[in-house]
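Please read them with the structure open.

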Amino acid sequence: MNQPILTRDLYVPAIDAWIDPGTPKKRAIITHGHADHARSGHGAVLATPETIAIMKTRYGEDCAGRFEALRFGEALRIGEALVSLHPAGHILGSAQVRIEVEGQRALVTGDYKRLPDRTAEAYEPVECDLLVTEATFGLPVFQHPKPQDEIARLLKSVADQPGRCHLVGCYALGKAQRVIALLRDAGWDQPIYLHGAMIRLCELYEELGVSLGELIPATGMPKAAMAGQIVIAPPSAIRDVWSRRFPDPVVCQASGWMSIKQRARQALVELPLVISDHCDWGELNQSIMESGAGTVWVTHGREDALVYWCKKQGLEAEPLTLPGLDDDGGEGGE
Amino acid sequence: MKRFADLLELLALTSSRTRKIAALAQYFAEVPDPDRGLALAVLTGEMDIRNVKPALLKETVLAEVDETLFALSYDYVGDLGETIALIWPHHGAADLPRLSAVVALLNETSKAELPRVIGGLLTQAAIHERWALVKLATGALRIGVSARLAKTALAEMSGVDLQAIEEVWHGIKPPYAELFAWLEGKTERPEIDHNARFHPLMLSNPIEEHDFERLDPRDFAAEWKWDGIRVQLVLGRDGVSMFSRTGDDIAASFPDVVEAAMGRAVLDGELLVGHDFEAKSFNDLQQRLNRKVASARQMSELPGFVRVYDMLFDGDEDIRAFGWEERRARLEAWFGKNPQTRLDLSEVLPFDSWEDVARLRRQGADEHGHEGVMLKLRTAPYVPGRPKGFWFKWKRDPNVVDAVLMYAQRGHGKRSSYYSDYTFGAWRGNEIVPIGKAYFGFTDEELKQLDKWIRANTIGSFGPVREVKKELVFEVAFDSAQRSGRHKSGIALRFPRISRIRWDKPAHEAARIEDVEAFVG
């Protein structure tokens, strides 16, 4: 084989396409709808139908020249290459991209998680020769607790402090819907109040078959009525002027970073909820081993530790530095 | 232990002082002895689990976790205790026993057995209990709770005056059963030998430019600000104690001072070293402070003495409610009756106007290296804490130099994700050589800007250290410069801090090493 199956900037020569490119390209394969993976302005986009729906909702119908939907489990032959998408479990529609050329198999995970989540298609392990994995939580200090236990802590805090309003900081795409679903599954049947930035995407999830219960815009509610209630808002809003409309708010944040108390303190979070949409350290290790890959490229996060670990397992491994990604960015950049 | 872990977590994450006090008061009211007293000891820094040190915890963890992965994790998390709590790879299901049982277990286990016992506790604990366990074991809380806040909660809970609690504090020991009994009205106030213990110190505020307009110089007395360490000498019935400002008794390190002291009193002053009451540099004092037991040679080369400036008890009489002027008169009379060889009186400086004081301050700094002057309200009583308007410190202007940022490293604790430790340097020929390191002197907002600048201008990384483009100039304030082998430049600044960030200044206009050498003296 003269040309590699995949280059280090996630370009696939056999089909002349980029995976999650940071700048507009002629052809792009998009793993999922978060802004650091899905951008507007590509000539053609190949993605799951759900991801395409999310991109159109966020960026408009004409955010790419044309869209091609590929369902999970279907394979698309383009010249020498076979392309397929497999559930990544990260958010609704999120996919791992599998490319096969002349018997060589590469897999780009995008962002992924393995814990069950009814707002995203369940993660599916895929075998490959070259694995490109994210490492958002690629340090052994990240051992995510059960999300149900974290939601129980939130509900206990709500019950213990009936005069206060709980503001839960969540990214608008994925995290918000997952937290709402977890609350519903834990038996919280009161209306859940939403910051304006959440509304469109929650509606889209409902349209795509994810039931979220009664949701009400938080803006415009009388202050006193919000005591004992739960509001979902973007992290930037929960400590902003916007939050002053609620009675004595308890600032909560749902994120994998919240396991580090010093981080929670810096962010002035009073109730950290360790709910992550990424694999923790153990799950990253497990996924790498299960893939059977002999070569691992590590990106998006704390690459050093995961590369070191892979080498200790006897695997070839190197970090990828993809342009436009800060080493300490938010969860999934979202 | 779960209740204690919940309390620590709440204290760490609540920024509201009122809410912290309420949570502490509730804990002390609801949790039984001796657990609450032990918790109080942890919060006030009085808990010492002798055999458990951070190194032992680290060793326990490194038996289970790869060393490189641990180092990368520690660099990322920024707090050793939290790193250990988060990285421990084994999980059990049971809750930890109550706080007093955990403390007893840690205290009674032999050194050889400790790693196994600690490992067992870490496995047994839920993650946030692990965090509390490590905090408890190492004593390094860093959760934004001061001993004073804990005592304020005791006052809140009981209605007893905070000052009354402070007064008995140094005479009682964990788990403080007699304290709680008194606070709950079940017994009388604990009996303390009232002058054989530490009395909380009175502290000063820095003077501001505009203060001079409203203050009348005739109401104030001036003294030199000495460059030693603040001590409280308790010349009691059963011996002499010498407390540091945090209440540690350091008498054992200075037998030359305490054995020579005559009379009965509680005195406030500055511990210095030197012959015939000629104070040597702080560096010289440091050599004695570093030693638990002083050698005969040290005591003859660097004899200690205390320069006294205030009196809290005259004999057994509490005179703290008297004004400064009256206490000073008592102090002078006491020196007249009790001749001393290792104590002398701090002189009162005569002046008529604030301009006079400004001149004295400059002269004192230039000719004698004094740190500045203290201004004391003549009518002020001796009040523990930092009361407003009574004592002012007017420090000499610091030396400043414009230096270039060279390297940055992530901070620890609250700043763990920020590049907040800075190494800076001066020009030697065409290269820049390091002259010091500073990690404070900027606002939170400036820290964010610096962090951003550093991330955008990194040209190399060495482990946790980032090398940056030599383009950003800091105005660095410092107390003095010394020869030192620690830096390539051969010079180190004492007590450097960032006084301004000179975003505007081009790096080539920064100081040359010759400019810095001029400060060595």
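**Notes on a predicted two-chain contact**

1. Ile288(A) is found in helix H7 of chain A; helices (H or I, at least four residues) and strands (E, at least two) are DSSP runs, numbered from the N terminus. This is a predicted model, in which local features need pLDDT of at least 70 and side-chain atom pairs count only at pLDDT 80 or more, while totals for chains, interfaces and linings use all residues. Residues are numbered from 1 along each chain as its sequence is written, and chains are lettered from A and ligands numbered from 1 in the order in which they are written.

2. Ile288(A) counts as buried because it has 22 C-beta neighbours inside 10 Å (buried: 20 or more other C-beta atoms within 10 Å of its own; exposed: 12 or fewer; partly exposed: in between; C-beta atoms are placed from the backbone). Neighbours within four places in sequence aside, Ile288(A) is in contact with Leu131(A), Thr133(A), Ala293(A), Val296(A) and Cys310(A); contact requires C-beta atoms, placed from the backbone, within 7 Å.

3. The sheet in chain A is open and has seven strands, ordered E6-E7-E8-E9-E10-E17-E18, with mixed pairing (two strands pair if DSSP finds at least two bridges between them). E6 (75-78) and E18 (316-319) of chain A are at the edges with a single partner strand each, so one side of each lacks a neighbour in the sheet.

4. Strands E9 (residues 104-108) and E10 (residues 130-135) of chain A run parallel and are joined by three bridges. Within E10(A), Leu130(A) is the bridge partner of Ala106(A). Helix H7 (residues 281-291) of chain A packs on the sheet, where it touches E9, E10 and E17 (295-301) of chain A, and its direction makes about 175° with that of E10(A). Axes are lines fitted to C-alpha atoms, for helices over the stretch in contact, and angles run from 0 to 180 degrees between N-to-C directions.

5. Helix H8 (residues 303-312) of chain A lies across E10, E17 and E18 of chain A, at about 170° to E18(A). The axes of H8(A) and H5(B) come within 10 Å and cross at roughly 175°. H8(A) is therefore roughly antiparallel to H5(B) (under 35 degrees is roughly parallel, over 145 roughly antiparallel, 65 to 115 roughly perpendicular, the rest oblique).

6. Which residues meet between H8(A) and H5(B)? Asp304(A), Ala305(A), Tyr308(A) and Trp309(A) meet Thr68(B), Leu69(B) and Leu72(B).

7. Chain B and chain A each give 23 residues to the contact. On the side of chain B that touches chain A, H5(B) supplies the largest share, six residues.

Terms used. Two residues are in contact if their C-beta atoms, placed from the backbone, lie within 7 Å.
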